[in-house]
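Dear colleague,

Please find below the structure that I am handing over to you. My notes on it come after the model.

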Amino acid sequence: MKLKNVILSVSILMALGVNAAELNIKVSPISYDLTALEKNKNHLVDVNSSYKNLISKADKALSNTIDPVVNKTLLPASGDKHDYYSFGPYWWPNPDTKDGLPYIRKDGQYNMDTKTSATDKQRLISFANDVKILGLAYYFTENEEYANKAVEQLKAWLIDPDTRMNPNMNYAQAIPGIVDGRGIGIIDSRLLIGVVDSVELIKPSLSEQDYAQIVSWFKQFNDWLISSNNGFEEDNWHNNHGTWFDAQVVAFSIFTKQPDLAKKRLRVTQMRRIGGHFNTEGQQHAELERTQPWHYSNFNLEAYNLLGHYGELVGVDVWNYEVDKHSLNNGYKYIAKYVVTPTEWPYKELKGMKKDIAYENMLYAERAYDDEIFDKALSELKQSKENEEKIINLLF
């Protein structure tokens, strides 16, 4: 751009009441390494496949309908359409009763009826995924269309009193015929972590009032997580549910400027989760006993990816914490071993062992630890075209 055009652009912005400070609003995503984002933004040719994938998905998100919680056709026990409402995914109608009640559990067998528009799980997934993608697309392109669409979504879900979601998950993962909602349903709201990252990425396009209202919503939601009975139940799960609970509390605490609360929760991660989740070999017994042990072992580590990064932000070392030779490092090593030798995976898998699932975890582990096992695992995984195109590459 020529100098006279730059001067003209600045003059127009000043005439509109936009000052220089507003033109340089600090972008502070919580879950992303800003240095890596800046590097990739300046060298998009090195991550071209991932960038094209991002823009393709962002363009699709531009045309997606705004679909807030009030659009559901079934109501939770509260009778309030603003309350999030979902069914447990592994629960099915009882074949031994006329009305199918009470539902029965089939571990690993996903009931697709739980993803209809009658309840909120699928619309929350769509909202969170769209906002996450739009925020990243705006960061890399500075195209206001992406930011504006994200703002529309955020207003509908978190601000507009006619459509906003109440800041709780009281009626998440209900089981028809058994319970109105469960603490275990808090796993659904882990997707909101990506939402707060995008709020920070599009902050230059948000009004101060809208930003403040979004922060207020997440503070209320975080308070509910910590103080509610459902939150208490989820906090005390011994598997990935507990880890993802920690990840949410820490992310939302950092976003709402409560670093001491984030530090306190990360100490729980260190002392309660790591020692309880991993044996000295790095095996996660609570995940390995499932019908999809490879998936769940990696799913749990995905929460630790975030917690390790958050620890870096607030000064709590999660990556290298060890108690009686139980460590997070060994957990990643155990997975890396079978990325390199997948045919030796010793556990039965309901849907097969797909090593590409571990790609994101190996990216984080390779960055956090100086160990050739992670270099070998990543070298193996990067041979896949699918991994080459993943948006996660833009974050490293």
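This is a predicted model: local features need pLDDT of at least 70, side-chain atom pairs count only at pLDDT 80 or more; totals for chains, interfaces and linings use all residues.

Residues are numbered from 1 along each chain as its sequence is written, and side-chain values use heavy atoms, with hydrogens and water left out.

According to the UniProt record, an unreviewed entry, residues 71-345 carry the annotation "domain: Alginate lyase"; such annotations may be inferred rather than shown by experiment, and their positions are given in the numbering used here. This span is 54% helix and 5% strand, and its end C-alpha atoms lie 44 Å apart. Helices (H or I, at least four residues) and strands (E, at least two) are DSSP runs, numbered from the N terminus.

Helix α5 comprises residues 121-141. Its 21 residues reach 30 Å from the first C-alpha to the last, close to the 30 Å expected; the expected span is 1.5 Å times one less than the number of residues. Of these 21 residues, 15 are buried (under 20% relative accessible area, with exposed over 50% and partly exposed in between; 1.4 Å probe, protein chains only). Just after α5, Glu142 takes a positive phi of about 60°.

The whole structure contains 24 aromatic pairs. Rings of Phe, Tyr and Trp (its six-membered ring) pair if their centres lie within 6.5 Å; planes under 30 degrees apart count as stacked, over 60 as edge-to-face and the rest as tilted. Ring pairs join Tyr211, Trp217, Phe218, Phe221, Trp224, Phe252 and Phe255 into a cluster. Both Trp217 and Phe218 are buried.

Val215 belongs to helix α8 (residues 208-227). Val215 counts as buried because its relative accessible area is 18%. Its C-alpha atom is separated by 5.8 Å from that of Thr256, 41 residues apart along the chain.

Finally, the structure holds one cavity of 30 Å³ or more. On a 1 Å grid over the protein atoms alone, a cavity is a set of points where a 1.4 Å probe fits but cannot get out, and lining residues have an atom within 4 Å of a point. Grid points are joined across faces, edges and corners, and a volume is the space filled by probe spheres set on the points. The largest cavity has about 40 Å³ of space. Its lining consists of Ser31, Tyr32, Asp33, His309, Tyr364, Arg367, Leu395 and Phe396.

Yours sincerely

Note on methods: On a 1 Å grid over the protein atoms alone, a cavity is a set of points where a 1.4 Å probe fits but cannot get out, and a pocket is an open set with protein on both sides within 12 Å along at least five of seven lines; lining residues have an atom within 4 Å of a point.
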